Amino acid sequence: VIAALGLVLAVAAAIMTARRVAAGGSRAEGLAAGFIVGTALVVVPIQFGAALELLGLVPTLSLLPPAVASAMVVGWLRARSASGRPAPDPDPSPIGRVELAAGLIIGVPYFLFSLDRITGFPVTWDGVAYHLPLAVKWLQDGSLGIEGGANWRGSLPANAEIVAMMALGTGWQSLAEVSNLASAAGLGAGGYLIGRGIGASRSAAWAGVLLILSVPVVLYQTFSSYVDLFGTASLIAALGLIVRQRTRERSPLDAGVLAVAGLGCGLAIGTKPTFWVPAAIVAIAGLVRVRGVSVPGALAIYAGAVLAPALFWFGRALGTTGNPFYPVAVEIAGRTLLAGFRPSELVNPEYYLGLVRSPIEWLGYPWIEYKRAGYGWSPGSGLGPLFAALVPIGVIATLVQSRHRPVGPARLIPLLLLGGVVVVAVAWWLVGQGPHLRFALPMIAILCVMTTPWLTDVRVARPRIVAGLLLTGAVVFGKMASLDPAVRLASRIRHQTWSRDRFYGVPPLVDSLPACAAAVNFNPPREFWSNFALAGHRLTNRVIPPWEARDFLDGPPAGPCPIYVFDREPFLDASAEARLTSIGYRPLPLSEQPAWRAWVWPGR
Amino acid sequence: VTSARSSRRLLDLSLALSIVSLLSYLAFSEAVRDFLTIGHRLATRFVP
């Protein structure tokens, strides 16, 4: 109830912020600002409470702070009357019918995915492997503390997992994935604002949003607990607010917008190390002129806003391990300055070879969409038909056309955006990481938006051809992207997998373990998708993931709580079974679920 | 006039390349091939 109250009040504060910002700007600015403020009102108060717990000032982390902070913001916004009028729009024409129709078609798979997720449970790969199990662990421990050691997954900055923890805290588990719809909206609003800022018409900027939303990685991440979309949305919404306000009549930046944009950058920095370089670039973009505030004052506002949702993670890592960037090691010229894991240990440098057979094949990836294993589209793969048709050509055409534009933002900003994309790519190369599609999501969004000045011109010059391309691409995307959720829904109806245990294919026993029971996922490390399923319907089982199971079972069982060991087909060999029996575990009959075996140690 | 004409030519060329680009996607994308394969498999399973 407390988690639900916090989320509802944060959404109320976001809506009020959006209305206030829209009153002095546009609805897209309101949406971008509302997304950032609403998210920050969930993340920052939880970090504050977690810091108090880690400092020993409170015994356990409470889910109450977001409700308190949001209620205060709602009260403050209600007490202040909105001022200002909407800024005059140089292009008052409505969005074209073709773009609206394409939007409806692209919306079909989003609707089907929503239905699938709302009627089911979290299901995406990394999400159920470790993002959501981390949020469950926080709920169980009442702490965001880290242990260091080999479990680097639990030591990364994790703003998105805080939102997931609040969503899981409501008891409606699928909310942890459906809540990413807000990220898709924030990303779309940010993309629209950048498009308008670089001179695109309303219809062309909307088409740019459609390009972004038709990227399969964006669609799949919208309905997942992967964190790349969350960080990208925070960053692009922040950049959109900066670009739009600075380019409108070339006005200096409003201090309030600067603070919101800073929060967006900070949210991205606290999401994942892959956002550190792009967020730093966006943060620099905000540091120019600010209206009515001295330079030191503007710097203080901005620095405070950037640090508010990010500083906690660096402080936590410093206090626990002595390295503020932990789990990322800091090395210079081969010397380790701060211990941790090298980027190559966190992500296999050859990971990208799942999507291309050699680095040169990236040049053809939008048209080939090769994938070594599994369906071509997923949270980490696929750019889609509209991207292939319009983005590579559109970006080049925008850059060529910019020579003919008058000196100003419409000419300068696309070049700066491209420069930013190149700098991030070079930074990756320097840390020895091969490119990976989902880590490049901010760059993909920016490339989509960069086509909008070109789309503005071609819409006027050849409206029928542009309409044909947009609608054809949208129909191909809509049909292909609808297949996955449609098959899932049909399968769920056919096999009646509405209950959690049937949905995940785990023994019903998992949902009725005693409150403090440990559930050991005794499987090879690659079978980590049961980590979240084994937490049980009430999320009270303490799951030991496969990569910790061996060490956990090496020690003799102890403590008052029972330990359940679960082994899924293909079963581990007879020696593993004999070892469990010799330690004192006894087998449990699971006649209703022959794909599983289980053992129990009853506790003392 | 020359600039406007060259600009128009650029737009036409870019649109022509976009059409080729979309057709190339439909011809070469493995995701499209996956979709057609799965769609065919589903159709043969559900349609007698």
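1. Let's start inside chain A: Asn531(A) is buried, with a relative accessible area of 3% (buried means under 20%, using a 1.4 Å probe and protein chains only). This is a predicted model, in which local features need pLDDT of at least 70 and side-chain atom pairs count only at pLDDT 80 or more, while totals for chains, interfaces and linings use all residues. Residues are numbered from 1 along each chain as its sequence is written, chains are lettered from A in the order in which they are written, and side-chain values use heavy atoms, leaving out hydrogens and water.

2. Look for Asn531(A) in helix 24, residues 530–533 of chain A (a helix is a DSSP run of H or I with at least four residues, numbered from the N terminus). Its side chain reaches the backbone oxygen of Ala129(A) at 2.8 Å. Not counting residues up to four places away in sequence, Asn531(A) touches several others, including Val128(A), Pro133(A) and Trp547(A) (contact means heavy atoms within 4.5 Å).

3. Now turn to the partner chain. In chain A, 37 residues are in contact with 26 residues of chain B. Trp367(A), Arg462(A) and Met480(A) lose the most area to chain B, together 20% of what the chain A side buries (buried area is the accessible area, with a 1.4 Å probe, that two parts lose on being put together, summed over both).

4. Arg462(A) also meets Asp12(B), side chain to side chain, in a salt bridge of 2.8 Å, N to O (a side-chain nitrogen of Lys or Arg within 4 Å of a carboxyl oxygen of Asp or Glu). Across this interface the rule finds two salt bridges.

Terms used. Helix = DSSP H or I, 4+ residues; strand = E, 2+ residues; numbered from the N terminus. Buried < 20%, exposed > 50% of the residue type's maximum accessible area, 1.4 Å probe, protein only. Polar contact = N/O pair within 3.5 Å; in protein donor to acceptor, adjacent residues only side chain to side chain.
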